Protein chains: 2
Amino acid sequence: MEWINGGITAPIGFKAGGVHCGIRPNKTKNDLALIVSQKECSAAGLFTRNVVKAAPVQVDQKALSCPKAIAILANSGIANACAPHDMENALKMQKLAAAALHVDQDDVLIGSTGVIGVDLNVDAIANGLPLLLKNLASDEAGSDAAAKAIMTTDTVKKEKAVCFDLHDKKVKIGGISKGSGMIHPNMGTMLCYLTSDVSIEASVLKEALKEVCDQTFNRISVDGDTSTNDSLIILANGMAENEMIKEKNEDYEVFKNALLQLCTQLAREMARDGEGAKHLITCKVHDCESEEKAEVLAKSVIGSSLTKAAIFGCDANWGRVLCALGYAGQSFDPLKTDISFSSLKGDIAVCKEGKGLAFDEEKALEILKEEEVIIDISLHEGDAEATCWGCDLTYDYVKINGDYRT
Amino acid sequence: MEWINGGITAPIGFKAGGVHCGIRPNKTKNDLALIVSQKECSAAGLFTRNVVKAAPVQVDQKALSCPKAIAILANSGIANACAPHDMENALKMQKLAAAALHVDQDDVLIGSTGVIGVDLNVDAIANGLPLLLKNLASDEAGSDAAAKAIMTTDTVKKEKAVCFDLHDKKVKIGGISKGSGMIHPNMGTMLCYLTSDVSIEASVLKEALKEVCDQTFNRISVDGDTSTNDSLIILANGMAENEMIKEKNEDYEVFKNALLQLCTQLAREMARDGEGAKHLITCKVHDCESEEKAEVLAKSVIGSSLTKAAIFGCDANWGRVLCALGYAGQSFDPLKTDISFSSLKGDIAVCKEGKGLAFDEEKALEILKEEEVIIDISLHEGDAEATCWGCDLTYDYVKINGDYRT
């Protein structure tokens, strides 16, 4: 497997684009993205578990009852959730794209991200669609424009692609995604769109997506808030002409592994670019009796406001890490628990068998000043492990969210 | 029932005091508190549910296996948790107080709050005890000194007392408590010590304490972090000479109601003085099918970082409130949900049946600028309700916790 350029337009047969259509006041910021496949795709999607589901999520869930799709139209700026005409506008948006592309309405999936409770300006979408269609590109520029059009408070676009072999066929997967607040396990205000030219049955594609999502996007947290709009969608158009994957065979594992690598990078990027974040925090819990338990414990650490604030302050305050493990609702023996911090600058053990170690504060500071900080926890009770990703809690998080609507 | 002065020394037969003994470097800040009853008390305690329990918590749990006590010795500055000699030092601390007071070791309860992982300076406690004993007072000054000695990042002391009648007897309850970080339902780094001259059996006292705690301290959150040291202890010495309460009779209800009023005020004060807080946030969920569900939903709202940051910014961002309800793990119908904000400056409806209402932003701003902001949520599905308290997320929270150890 190798990393390649091109994002969602790397796989054969996909075009993408993004324009400013007027949902956002700022004319220099794209706010409408379109992804189109040359052929009908096997499609699978995973959506927020929030009881309050945005209209586009409900529309996509219905559309995917038949797991085929050709295009995805997504806007940023307005979440189209809990607004007076949310469902009406979501259906209009889907219909507009279908008419423009001359496809069935159910072959178009839609997505929205932004402010909750405000009506979506569908006229702006109608006005912007002709230019968006004209701008669709099958090269890097198309993926780039689409990736930028779904950004909200993100500071960098998230875009990745991989290429791998299935026997004699080259297969590609590309992805774009956006954060960066309301991010919590069970997915955040996260939109992630994946494309692939792999040939795969929709039911098997969904299994792969679910397995990968549980180990990637469901293992990141920015702020503990699970959004109303989270959507993770993959389109696979079969144009790589590999033998169709119909079951969990060897090819499935190769594909799933490539998808896992891709989504791991996108998930890490989302955590790294969490609102106001200065640090990417990677928490690894190992020597645990089960992966599920390791995951719950690691999530508790990356979700702890006190731990996040300590990392912002480059403070090796491991007591907060141990404390966060302790309230995760899992049983473990604190007196067997070891904790260390590491980064590119080295590693330092701070807690052994539940008790503080004397350590070099200057070395700890040097380690914690790095952009990615790893918190390593060993429970000495088994062989299982899990890794979760989060970010620090900063002044800028408060600033960004103290006045988001205005 | 009436509110009275005197805190924990208001009930008959209690003395209290506080001194600086040297656990903290700052000599102007008291760090050791003592509460002593003239007679042996019925005693009850509730402690953190964190798997990682500080040594003093473990000592108190053991001591309360016989539910009698005479004194409480507590320090601030060091949590005496996860430190190399934590248990050894906790037992020394208990023993020192017992020797000084000439009582059995198990009649002394202890408490600590502060930094995790660092050994407690027991010599400082030994050196400070003589002055502390000398300073013990049965008037307001004693309660005041003790209340101040247990403060950490608290900006104001928390101290309340009430008086009520049980037939022809005046009964009093007093309390002191401290926050203000690591505060979350299941109690925070919360120490709360209550005294009463009521005559009550220890088993019934514990029931009352548990019922009241569930409706007060377990309904506040500052930052979602449940500490290793949370302790809520009540001592009742019987010196009011009421007929002993041995069961859940009418007198029990009168006593429990007074305790509830007292603890509600202490809990609100703790939330109000949350680290860096500028607003007290009161969230009321009503017209709900059960109190348990209403509580879970209200806790989700006061725990939402995004809602907390919005209140800091005086932003009527009700979408985040609805979103937080949605990820609380409870089922409800968003399309029946109403939300309004209120304060001393009036109230404003912002969401009706799950959809945003047009509202006067200037009026909303005026309401949200008040120190206590109430978020009212109606689910229109039943008669039950619950209220929880939290605080906003501010720059100062990040500042305080970005560098707490130094």
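**Figure 1. The two domains of chain A in the predicted model.** The C-alpha centres of domain 1 and domain 2 of chain A lie 32 Å apart. Domain 1 of chain A covers residues 2–271 and domain 2 of chain A covers 280–402, with bounds that come from an automatic or database domain assignment. The model is predicted: local features need pLDDT of at least 70, side-chain atom pairs count only at pLDDT 80 or more, and totals for chains, interfaces and linings use all residues. Residues are numbered from 1 along each chain as its sequence is written, while chains are lettered from A and ligands numbered from 1 in the order in which they are written.

**Figure 2. Where the two domains of chain A touch.** The contact takes 11 residues from domain 1 of chain A and 12 residues from domain 2 of chain A; two residues are in contact if their C-beta atoms, placed from the backbone, lie within 7 Å. On the domain 1 side, β9 (220–221) and α6 (250–272) of chain A each supply at least two residues. The largest share of that side, 3 residues, comes from α6(A). Helices (H or I, at least four residues) and strands (E, at least two) are DSSP runs, numbered from the N terminus. By class, the domain 1 side has 5 nonpolar, 4 polar and 2 charged residues. Ala, Val, Leu, Ile, Met, Phe, Trp, Tyr, Cys and Pro count as nonpolar, Asp, Glu, Lys and Arg as charged, and the others, Gly among them, as polar.

**Figure 3. The contact between chain A and chain B.** Here 50 residues of chain A are in contact with 50 residues of chain B. Helices α8 (305–312), α9 (318–326) and α11 (395–402) and strand β14 (355–356) of chain A each supply at least two residues of the chain A side. With 7 residues, α9(A) gives the most to this side. The chain A side is made of 25 nonpolar, 19 polar and 6 charged residues.

**Figure 4. Helix α10 of chain B and its buried face.** In α10 (residues 361–368), B:A364, B:I367 and B:L368 are buried. A residue is buried if 20 or more other C-beta atoms lie within 10 Å of its own, exposed if 12 or fewer, and partly exposed in between, with C-beta atoms placed from the backbone. Seen down the axis of α10(B), the buried residues fall within an arc of 90°, so they line one face of the helix; the arc is that of the directions from the helix axis to the C-beta atoms. Their cover includes α8 (305–312), β12 (338–343), β13 (346–352) and β15 (372–378) of chain B.

**Figure 5. An open sheet in chain B.** Its 7 strands have the order β9-β16-β11-β15-β12-β13-β14, with mixed pairing. Two strands pair if DSSP finds at least two bridges between them. At the edges stand β9 (220–221) and β14 (355–356) of chain B, each with a single partner strand, so one side of each is left without a neighbour in the sheet. Strand β9(B) runs parallel to β16 (residues 384–391) of chain B, joined by 2 bridges. B:I220 stands opposite B:W389 in β16(B).

**Figure 6. Strand β8 of chain B and its partners.** In β8 (residues 191–196) of chain B, 6 of its 6 residues are buried. B:L191, B:Y193 and B:T195 point one way from β8(B), and B:C192, B:L194 and B:S196 the other way. Strand β7 (residues 169–178) of chain B pairs with β8(B) in the antiparallel sense over 6 bridges, and B:K178 stands opposite B:L191. Strand β10 (residues 231–236) of chain B runs parallel to β8(B), joined by 6 bridges, and B:T195 stands opposite B:L235.
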